[in-house]
Amino acid sequence: MVEDLLVAVAAAGSAGVVYLAAAVRVIKQYERGVLFRLGRVSGDVRPPGLNLVIPFVDRLQKVNMQIVTLPVPAQEGITRDNVTVRVDAVVYFRVIDATSALVKVEDYKFAVSQMAQTSLRSIIGKSDLDDLLSDREKLNQGLELMIDSPAVGWGIQVDRVEIKDVSLPDTMKRSMARQAEADRERRARIINADAELQASKKLAEAAQQMAETPTALQLRLLQTVMAVAAEKNSTLVLPIPVELLHFLERGGRPSPPDQDRGATPRHTDGGPEQGTGGGPERHADRTSRLTAPDTGGPPQVPVTDSGGPPQAPVIDTGDPPQTPLTSADSTPQVT
């Protein structure tokens, strides 16, 4: 009798252990449990820890409450400015209502993925290529709003959406490269022209200052010579100032004929020359060289006085040649 009682107690204990093992459920810290009793949601969401259910009657389903990183496959579309691109993105979301995530949608991860793909295609069609390349923050916000609107009813909150990469055709890449190169060349030319303008203004001010102070030009010349001589060159280039060329040009011009340094000769009819210039002997040794002005006629021969006072030159005005005036003791000279 005692043996039968012990066997019954052992069997009851074994059955209790088996029932307890079937009824105990452990929920992790990042999970929440939804209890379905006979197919209906029973009670509130079960917290993390040890939970007991009725075997074969209750079914506890766990939901991960962590943030899920969902990559969106690359979507090909045509932008508003008719450029074919391929864009991929990534979605960060988490479950905020475990019951709605299990009851209102079959597979919330697949639903979020499909919604992200369709929203990404819609964003591509509404945007320009420049917006996809440079204004991604605004597109991310619009894409997040489009995905989050239906996901709220599923008990899901979208934290962030990021566009990862925008793939362009090779022809478009080459066109953009040429455009960027042309733009950089334009800016380089503008900067160079601005530098030339500023340099010309400074050079004009320097030239004006050197014109007021001629010695500054000589100092500048010496500085240039020192700068050239500082290098180990076998050839020395020495610039010549323009003022020096002008000086040499003026020095090479013929000077006007020298005038008699004595007093103006005076003479009377048949008398000797009066004045401080000397007597007839002085005039006999020298020849008076007076050149007649050019009036368009043939060249005139100056009159040479061999014994009398100096004769005035004959001026040809187009009339018949005249006999020059001579003194009493000289012979007429033919012009």
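Contact is taken here to mean heavy atoms within 4.5 Å, while helices (H or I, at least four residues) and strands (E, at least two) are DSSP runs, numbered from the N terminus. The model is predicted, so that local features need pLDDT of at least 70 and side-chain atom pairs count only at pLDDT 80 or more, whereas totals for chains, interfaces and linings use all residues. Residues are numbered from 1 along each chain as its sequence is written, and side-chain values use heavy atoms, with hydrogens and water left out.

An open sheet is formed by 3 strands in the order E6-E7-E8, with antiparallel pairing, where two strands pair if DSSP finds at least two bridges between them. Strands E6 (68–78) and E8 (156–167) stand at the edges with a single partner strand each, so one side of each is left without a neighbour in the sheet. Neighbouring strands are turned by 25° against each other on average, direction ignored. Strand E7 (residues 84–95) runs antiparallel to E6 and is joined to E6 by 9 bridges, and Val-91 in E7 is the bridge partner of Leu-70.

Axes are lines fitted to C-alpha atoms, for helices over the stretch in contact, and angles run from 0 to 180 degrees between N-to-C directions. Helix H3 (residues 108–126) lies across E6, E7 and E8 at about 35° to E6, whereas helix H5 (residues 136–151) lies across E7 and E8 at about 140° to E8.

Helices H6 (residues 170–212) and H7 (residues 214–230) pack at an angle of about 115°, their axes being 4 Å apart. Met-210, Ala-211 and Glu-212 of H6 make this contact with Pro-214, Ala-216, Leu-217 and Arg-220 of H7.
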